[in-house]
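Biologist: I'd like to learn how to read a model like this one, feature by feature. Can you walk me through it?

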Amino acid sequence: MRAGTLLFPTLREAPAEAQIASHSLMLRAALIRMLASGLYTYMPLGTRSLQKITNIIREEMNNAGGQEFIFPILLPKELLTPSGRWEIFRQELFRLKDRHGSDHALGATHEEAFTELVGREVRSYRQLPINLYQIHTKFRDEIRPRFGVMRSREFIMKDAYSFHADDASLDATYNTMSETYRKIFKRVGLDVVSVKADSGAMGGSGSEEFMVLCDVGEEEIISCTDCDYRANAEKAECKSEYRSEEPAQSVAKAATPNVSTIKALEEFFKVEASKFIKTLIYQREDKSHAAVLIRGDLDVNETKLANYFGGETPVLADDKAVREITGARTGFAGPVGMKKKIPIIADNSIKTVFNGITGANEDDAHLTNVNLTRDFTPDAFVDLRLVKAGDNCIQCGGKLKSNRGLELGHVFKLGKKYTEAFKVTVLDEANKDIVPTMGCYGIGVNRTLAAVIEQHHDEKGIVFPISVAPFEVSIALLDTDGAIREAAERIYNELRAAGADVLLDDRNERPGVKFNDADLIGIPIRITVGKRGIAAGTVELKLRREKDKADVPVADIVARTLELRKKLFQELS
Ligand code: ATP
Ligand code: MG
C-alpha cells in the first residue's frame, strides 16, 4: 500500500475525549473515528489490525476443532423468551419492531440461537461433542460506553458454544478452549492473566476469565504475592487473621451520643476498628430483612451476599425499617436485644472479636464486652468479607495484593440451562433421550485490539506486535529523485512478493512527518531510503521498539528485513 493514496489522517494532539492511552492513540493514529457515543468507524489502518486479530482467532478456533457459523444479528423475540433473556436483558438489549409489529432484538450474545439450532439439527450423542462459533457483531446498550472501543455499543465478539453428551466431554473441550485462548493472546502479543471464578483452592473451576492487568481495568483482581492464588475481588477469599482469645468480661452499656460511624467510635472508645461488630440491616426482594454482622475494620462484599441470597441484590434497609427492627436510629444496631427477630448472618471474621462493641439497639448507646455464643448466636456463618490488599491468602497465608484488570475473554461451563430451556435432547447409546450440556467461550475482538495498544505504546505512539500491526514494514522514501525512488520501489515490490505487509511512504512530506507517522502508527520495522545512504549503497533499518538503527547494503535489505520479520513473528508463537 502507498501512503499517498491511503486515508490515514493522523492527529498530532491527544483528543480531549480520550481518557486512556489506547483510545487516544487509536484516534491519533487514525485507526478509528467516533460516529456517535459507543459507535466507532474502523478506518483502513484499524480495519487491517482488527482483521489480523480476527484471523488469528479464526485459525486457532479452527485448529481446536471449532466450526464457524454466521447467524443473523436480528433475532426475533420468540427466540429470547424460553431462556427468559428477553426480560433479563431489559436495559442492555436493543429492541425494535419490524413492519408487522413483531418484536426483535439485535443480538447481544447468541446462546439461544445456537442452542435452538442444535436442538433442531443434532439427533444423536454420536454427533457430539461439537464446538460452534462465529466472529460477528454484537449490540449492547451499555449504561456507560467508554474508553473508546473497550466498551462500545456495537462490537465484534468471537462467541463459541460447545455441546456435549456428558461432563467429561465438556471438561475436555473447556480445557482445550482455555489452551486456545492462551495461544490466541500470545500470538497477538498480550500478556494476560487468567482468573478462575471458583477460587483455585477449591479446585475444579467452571469459569475462567482472561484479563490484562492495566490501570484502566474495570475489575479488581486479588492475587497472592507468594503462590498462584488469583481471584476476582468479587469472589476472592482470605484466611482469617489469628487473634488470641481474651477472658470474657461482663456486658455494659455505654452512652454514645451521636457517635455511630466506626471512625467516630474508634475515637470515642480509643480502640481499633477491629474491636467492633458492625451490624447492617438489609432488605430483601420479598421485603423481609436480615442482619449482617462483620468485624468493624472490614466491609461486606455485596456480590457474596447476593450469592448467599440466591442471586438477588441486597439493599440496605431505610431508617424507618431499621427503627422498626432495632428500636433505634441507623447506626445503633447490634445483635443483642433486637426488637424484632430477623435472621442474623455473620461473616466469619466475627469469630475473631472478643469483648466486642456493638450498637445497643437504643438511640445513642452501645454495648461493650459483647461475646459470640454467650450474648448472641448468628443463624449462619458465611464468608461475606471484601478481601483487600494485605489480607492473608486463603491458599498459603501469604500477603494478597490488588490489581486492576480488564476482561478480554471468558470461558464458561454453562451446563444445561439453555438446552433445558429449549428442550434439546439427543439419543444416547441406549436410545434414551438425554439433555446435552454446554460450554460457552467469548472473546471481545475490538477490546483485544485496544488492550494490545494499552500494553504496547510509548511517548511516540503505538509499538505494535508484528502480528497485529496494520503494516509490518514501512519504507520512508525521503527523496523522489529517480535512483532513490527506484531503489525504494524495488524493495517494496520484493518484500510484498515475499508476503510482507508493506507501507511505502511516498508522500510529498518532510522526513520528520513520515517518521512521526510511522512511529505513531507503530509499524514494527522501518526502512529509510534517502539520498545520502543510496550514494553509499545503503539504506537504514530500524525497529520501532528499539533506539538503534543500522545501515544495511541495499543488496541485503530485503533478506535482512524478511529475517527480522520472521524473528518478530517467532517471538509471538
Ligand atoms: P463486561 O463485564 O466487561 O461487561 P461481559 O461479561 O458483559 O463483559 P461477555 O458477555 O462475557 O462480557 O462478552 C465476552 C467478551 O466481549 C468480553 O470479555 C469482552 O471482551 C467483550 N465485550 C463485552 N461487552 C463489550 C462492550 N460493550 N464493548 C466491547 N467489548 C465488549
Ligand atoms: Mg457487560
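Biologist: How many salt bridges does the structure hold?

Modeller: Start with the rule: a salt bridge is a side-chain nitrogen of Lys or Arg within 4 Å of a carboxyl oxygen of Asp or Glu. By that rule the structure holds 46 salt bridges. Keep in mind that this is a predicted model, where local features need pLDDT of at least 70, side-chain atom pairs count only at pLDDT 80 or more, and totals for chains, interfaces and linings use all residues. Residues are numbered from 1 along each chain as written, chains are lettered from A and ligands numbered from 1 in the order written, and side-chain values use heavy atoms, with hydrogens and water left out.

Biologist: Which residue forms a salt bridge with R2?

Modeller: That's E489, with the closest N and O atoms 2.8 Å apart. The pair links distant parts of the chain, 487 residues apart: R2 sits in the segment before α1, E489 in helix α12 (residues 482-497). Helices (H or I, at least four residues) and strands (E, at least two) are DSSP runs, numbered from the N terminus.

Biologist: And what domains does the assignment give?

Modeller: Bounds like these come from an automatic or database domain assignment. Here we get domain 1 (15-236 + 402-454), domain 2 (252-382) and domain 3 (471-570). The centres of domain 1 and domain 3, taken over C-alpha atoms, are 39 Å apart. Their contact (heavy atoms within 4.5 Å) takes 6 residues from domain 1 and 5 residues from domain 3.

Biologist: How do I read the area that domain 1 and domain 3 bury between them?

Modeller: The size of an interface is often given as the accessible area lost when the parts come together. The convention is a 1.4 Å probe, summed over both parts. For this pair it comes to about 560 Å², with 63% on carbon and sulfur atoms. On the domain 1 side, L45, R48 and K52 supply 64% of the area buried against domain 3, more than any other three residues.

Biologist: Which polar links cross the interface of domain 1 and domain 3?

Modeller: The rule finds 2 salt bridges there. K52 also has a salt bridge to D501, side chain to side chain, at 2.6 Å from N to O.

Biologist: Which residues come nearest to ligand 1?

Modeller: Near means a heavy atom within 4 Å. Of the 14 residues around ligand 1, R140, E142, R151, S152 and E407 come nearest. An N or O atom in the R140 side chain is 2.9 Å from an oxygen of the ligand. A backbone N or O atom of S152 lies 2.8 Å from a ligand nitrogen, and a polar backbone atom of M150 is 3.4 Å from a nitrogen of ligand 1.

Biologist: Where is the place of P129?

Modeller: P129 is in the loop between α5 (111-121) and β7 (130-139). A cis peptide bond joins L128 to P129, with omega about 0°.

Methods
Buried area = accessible area lost by both parts, 1.4 Å probe. Polar contact = N/O pair within 3.5 Å; in protein donor to acceptor, adjacent residues only side chain to side chain.
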